Amino acid sequence: ICLTACYGSKQALVAAGMGVEYIAPYLGRMTDNGKNGFDECVKMQQIVDGLQADTRILAASIRDAESLADLAAEGLDTF
């Protein structure tokens, strides 16, 4: 199961707790809508790690290589 269009860490908490395989946050879209998309993706990863869940964060809508590298440096590894 993949929770797509995840726009907040609270959604990620519920999804990871339910055991979904993937959570797909749209980094660029979150940023376009005034959120700090990068911080939200990092929080989602921290939640998954904290729960020791098998859920993976599938970061989408990445618009530049720097964002990709920054996400990878924070432990996100699925793009």
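Close-up 1. Buried means under 20% relative accessible area, exposed means over 50%, and partly exposed lies in between. Cys 2 has 40% relative accessibility, so Cys 2 counts as partly exposed. Cys 6 is at 1%, and therefore counts as buried. The model shown here and in every view below is a predicted one.

Close-up 2. How many disulfides does a search of the whole structure find? The search finds zero. A disulfide would need two cysteine sulfur atoms within 2.5 Å. For Cys 2, the closest cysteine sulfur belongs to Cys 6, at 9.5 Å, which is too far for a bond. For Cys 6, the closest cysteine sulfur is that of Cys 41, at 8.7 Å, again too far for a bond.

Close-up 3. Three strands form an open sheet in the order 1-2-3, and their pairing is parallel. Strand 1 (2–6) and strand 3 (56–57) stand at the edges. Each has a single partner strand, so one side of each is left without a neighbour in the sheet. Strands of a sheet pair through backbone hydrogen bonds, either parallel or antiparallel.

Close-up 4. Strand 2 covers residues 22–25. Two bridges join strand 2 to strand 3, and the two strands run parallel. Tyr 22 has Arg 56, in strand 3, as its bridge partner. Helix 1 packs on the sheet and touches strand 1 and strand 2. The direction of helix 1 makes about 180° with that of strand 1.

**Close-up 5. The largest nonpolar core.** This core has 15 residues. Which of them touch the most other members? They are Ile 23, Cys 41, Met 44, Ile 57, Leu 71 and Leu 76. Helix 1 (9–18), helix 2 (27–32) and helix 3 (37–51) are the elements that give two or more residues to the core. In soluble globular proteins, nonpolar side chains tend to be buried together.

**Close-up 6. Leu 71 and its contacts.** Residues up to four places away in sequence are not counted here. Leu 71 touches Leu 27, Phe 38, Cys 41, Ala 59, Ile 62, Leu 76 and Phe 79. Cys 41 and Leu 76 are also among the core residues that touch the most other members.

**Close-up 7. Glu 40 in helix 3.** Glu 40 has its place in helix 3. Is Glu 40 buried or exposed? Its relative accessibility is 12%, so Glu 40 counts as buried. Apart from neighbours within four places in sequence, Glu 40 is in contact with Tyr 7, Gly 8, Ser 9, Met 30 and Lys 35.

Notes: Residues are numbered from 1 along each chain as its sequence is written. This is a predicted model: local features need pLDDT of at least 70, side-chain atom pairs count only at pLDDT 80 or more; totals for chains, interfaces and linings use all residues. Side-chain values use heavy atoms; hydrogens and water are left out. A nonpolar core is a set of buried Ala, Val, Leu, Ile, Met, Phe, Trp, Tyr and Cys residues joined through side-chain atoms within 4.5 Å. Buried means under 20% relative accessible area, exposed over 50%, partly exposed in between (1.4 Å probe, protein chains only). Helices (H or I, at least four residues) and strands (E, at least two) are DSSP runs, numbered from the N terminus. Contact means heavy atoms within 4.5 Å. Two strands pair if DSSP finds at least two bridges between them. Axes are lines fitted to C-alpha atoms, for helices over the stretch in contact, and angles run from 0 to 180 degrees between N-to-C directions.
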